[in-house]
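Reader: I would like to learn how to read a model like this one. Please show me the structure, and we can go feature by feature.

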Amino acid sequence: LEASERHFHAAFDTALDAMVVMDDARAYVAANPAAARLFGLPIERLLERRFGDFSPVGADVDGIWRAMIEGRVTAGEWRLARPDGDLRDVEYSVTMNFIPGRHLAVVRDVTERKREEAARLVRSAAMAAVASGIVITDAEGRIEWVNPEFTRMSGYTLDEVRELTPRVLRSGRHDAAYYARLWTTVQSGQVWRGNMVNRRKDGTLYFEEQSITPVRMSEDPASPITHFVAVKQDVSERRRTEDALRQSEEYHRSLLDNALDLIVVLDGEAVVRYASPSVERVLGYRPEEMVGTSTLGRLHPDDLARVSQLLRTGRTTPGFTASVEYRIRHKDGTYRTFEAVASSLLHHPAVAGIIVNARDVTERKQSEETQERLRQHLRHSEKLAAMGELLAGVAHELNNPLSVVIGHTAIQTRAPTPPS
């Protein structure tokens with residue numbers, strides 16, 4: 001009996017869990033060092049307390065004591081209020097009358113476990129609600145958990161892919177070497193990031209951006225990898241939008257590059273930010289020679305003031321559009337005449353410039369000037385012809401009387417002279 005009692009006291013004093021003995025009056029009559037640490041009091045002061053002294057305000061101490069005495073409660077959870085105000089979550093088990101009139105309670109602090117469980121629930125809820133697909137596998141790549149977004153992306157539920165590997169998603173678009181490089185990267189402890197084409201449960205393909213992160217047993221970089229966490233984003237719609245945008249850009253770039261008209265984008269100071277390839281054909285400059293230079297320096301001096309005024313208006317008037325004719329110096333030193341439409345989009349965030357669409361009308365202007373000279377010459381010729389007809393008419397009118405006079409003069413000349 002003495003040996004048994006010594007064994008009990010040895011186990012009681014060295015137990016990791018808190019252990020207290022209570023009498024029928026609820027008084028603590030024995031406590032081990034673990035109980036002193038958990039309750040926050042030295043053993044001698046702890047033995048001055050009673051069951052219920054460490055319960056939070058409002059706890060039904062009498063009810064739980066009756067339930068333990070009657071054997072209706074032998075284990076459960078409780079909130080323990082320490083003297084310093086700290087609340088601890090505990091699990092307990094009780095053995096009533098393990099010795100007549102003595103009751104043993106074994107109490108375990110589960111506060112940290114509860115906090116970790118709560119944090120795990122929060123993390124789990126966050127992963128379940130996140131807009132990216134998440135897949136967690138073991139070290140061999142077998143799927144243990146997926147979130148609802150993965151199911152939405154792929155069509156597979158957790159029950160359908162549990163214990164399978166991500167190979168179930170393979171589309172056939174990537175060769176074995178691609179997956180080998182991925183696997184080598186993550187097994188070495190590095191994070192893999194990349195794009196992948198996968199196949200849904202219904203057979204359709206979709207584009208993924210994903211990262212795969214190895215998880216080690218501990219923070220020690222030499223500890224073994226236990227899991228892999230893949231975070232996936234379905235970028236199919238974005239890829240389609242990007243492809244459409246790229247095709248649109250290529251289409252419009254092709255239009256600009258092959259346009260016969262000159263298209264230029266200027267900043268607010270008339271410095272060229274963009275010049276279409278046609279600039280070389282019409283002005284002799286390569287586009288890169290034009291970019292970064294001022295257009296005003298090439299204008300004909302007689303056109304400078306008028307164009308500068310339009311430029312000032314465009315700087316202060318969003319959406320201002322104007323038609324203008326001006327002359328600009330060719331690389332060979334001659335001036336070419338242009339008709340242009342300029343639109344101020346300086347306040348447009350995507351453009352932030354003045355767009356000028358100009359057409360070289362030099363030959364047309366020269367042709368018009370030549371035609372005007374010919375018209376003037378024709379009008380002059382027509383005036384001379386009209387004057388000739390007028391003079392001819394006048395001469396005709398004068399010709400009849402003159403003929404009479406001349407006739408009479410001739411008769412007089414032929415008549416004999418009368419004798420004197």
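Reader: What percentage of the residues in the protein is buried?

Author: Buried means under 20% relative accessible area, with a 1.4 Å probe and protein chains only. Here, buried residues make up 31% of the 420 residues. Note that this is a predicted model: local features need pLDDT of at least 70, side-chain atom pairs count only at pLDDT 80 or more, and totals for chains, interfaces and linings use all residues. Residues are numbered from 1 along each chain as its sequence is written, and side-chain values use heavy atoms, leaving out hydrogens and water.

Reader: How many helices and strands does the protein have?

Author: Helices (H or I, at least four residues) and strands (E, at least two) are DSSP runs, numbered from the N terminus. The protein has 13 helices and 15 strands.

Reader: Which side chains of β13 are buried?

Author: In a regular strand the side chains alternate between the two faces of the sheet. Strand β13 covers residues 321-329. A322, V324, Y326 and I328 point to one face and are buried.

Reader: Which residue in β14 stands opposite I328?

Author: Two strands pair if DSSP finds at least two bridges between them. β13 and β14 (residues 335-345) run antiparallel, joined by 9 bridges. I328 stands opposite R336. The hairpin has 5 residues between the strands, and G333 takes a positive phi near 95°.

Reader: Which residues of helix α4 are buried?

Author: In α4 (residues 61-69) they are V61, G63, I64, W65, A67 and M68. Their cover includes β1, β3, β4 and β5. Just after α4, G71 takes a positive phi of about 80°.

Notes. Buried < 20%, exposed > 50% of the residue type's maximum accessible area, 1.4 Å probe, protein only. Contact = heavy atoms within 4.5 Å.
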